[in-house]
Amino acid sequence: MRRIMKSRELLDILQIAERLKDTTRHCYTSQGRHESVAEHTWMMTLTAMLLEDELTNIDMTKVIKMCLIHDLGECFTGDIPTFDKTTEHEILEQNKLNDWLGSLPQKTTVTLTQLFDEMNARETPEAKTYKALDSLEALIQHNLSDINTWSENEFDLNLVYADDKVQFSSYLTELREAIRSDTLDKINAADKKRD
């Protein structure tokens, strides 16, 4: 039986992916340190798994795969907060990711490229779900972090961010409303503390 991926090829892929453990994001954890991209990926993947029984019309196994790979481009460029990311940043990240994907075993290249193409097109329910979870996880993490770690623009942004990404799903829209409620509670509590 011919193997699709040699052991050394797998280890080489994991060596690159491991960079995301040390690639920090703009968000902080509830304990006050910068969150890594790998931690963000883990939380949104866990969320996808937990939603399998809620989103029964969606292939959540595919969504989980999308969640797992969605930030692999940041192995090469680092994380740039959504409000700072430009088209040039996106093109650079995509080009570096494509170069790396092209160096992988052929079947892996095809599988990952198809997933990324679907994710980028955001036309399927699975791609829409992954993108919603990506945005919602960032909001959840902001609500879990100390409000003193928020940048000034996030007080408004966290109240509207991801609204457009959840509209296709009544459950995700309801989840977005619950997150918004937590955000408002956090902002109001901080305001009372200052008074």
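The model is predicted, so local features need pLDDT of at least 70 and side-chain atom pairs count only at pLDDT 80 or more, while totals for chains, interfaces and linings use all residues. Residues are numbered from 1 along each chain as its sequence is written, and side-chain values use heavy atoms, with hydrogens and water left out.

Helices (DSSP runs of H or I, at least four residues) and strands (runs of E, at least two) are numbered from the N terminus. Helix α6 covers residues 106-121. The expected span of a helix is 1.5 Å times one less than its number of residues; for the 16 residues of α6 this gives 22 Å, which agrees with the 22 Å between its end C-alpha atoms. After α6 comes R122, with a positive phi near 50°.

Burial is judged by relative accessible area: under 20% is buried, over 50% exposed, and anything in between partly exposed (1.4 Å probe, protein chains only). In α6, the buried residues are T108, T109, L112, L115, F116, E118 and M119. These pack against α1 (7-17), α3 (60-69), α5 (87-102) and α7 (125-144), where contact means heavy atoms within 4.5 Å.

Two packed helices are described by the angle between their axes and the distance between the axes. Axes are lines fitted to C-alpha atoms, for helices over the stretch in contact, and angles run from 0 to 180 degrees between N-to-C directions. For α5 and α6 the angle is about 155° and the axes are 9 Å apart. The two helices are therefore roughly antiparallel, a term for angles over 145 degrees. On the α5 side, Q94, L97, L101 and G102 take part, meeting T109, L112, T113, F116 and N120 of α6. The contact residues comprise four nonpolar, five polar and no charged; Ala, Val, Leu, Ile, Met, Phe, Trp, Tyr, Cys and Pro count as nonpolar, Asp, Glu, Lys and Arg as charged, and the others, Gly among them, as polar.

Also in α5 is N95, which counts as partly exposed because its relative accessibility is 43%. In helix α7 lies K131, buried at a relative accessible area of 16%. Leaving aside neighbours within four places in sequence, K131 is in contact with R122 and K165. Finally, S36 belongs to strand β2 (residues 34-36) and, at 5% relative accessibility, is buried. With neighbours within four places in sequence again left aside, S36 touches L20, K21, T23, T24 and R25.

Note on methods
Parallel < 35°, antiparallel > 145°, perpendicular 65-115°, else oblique.
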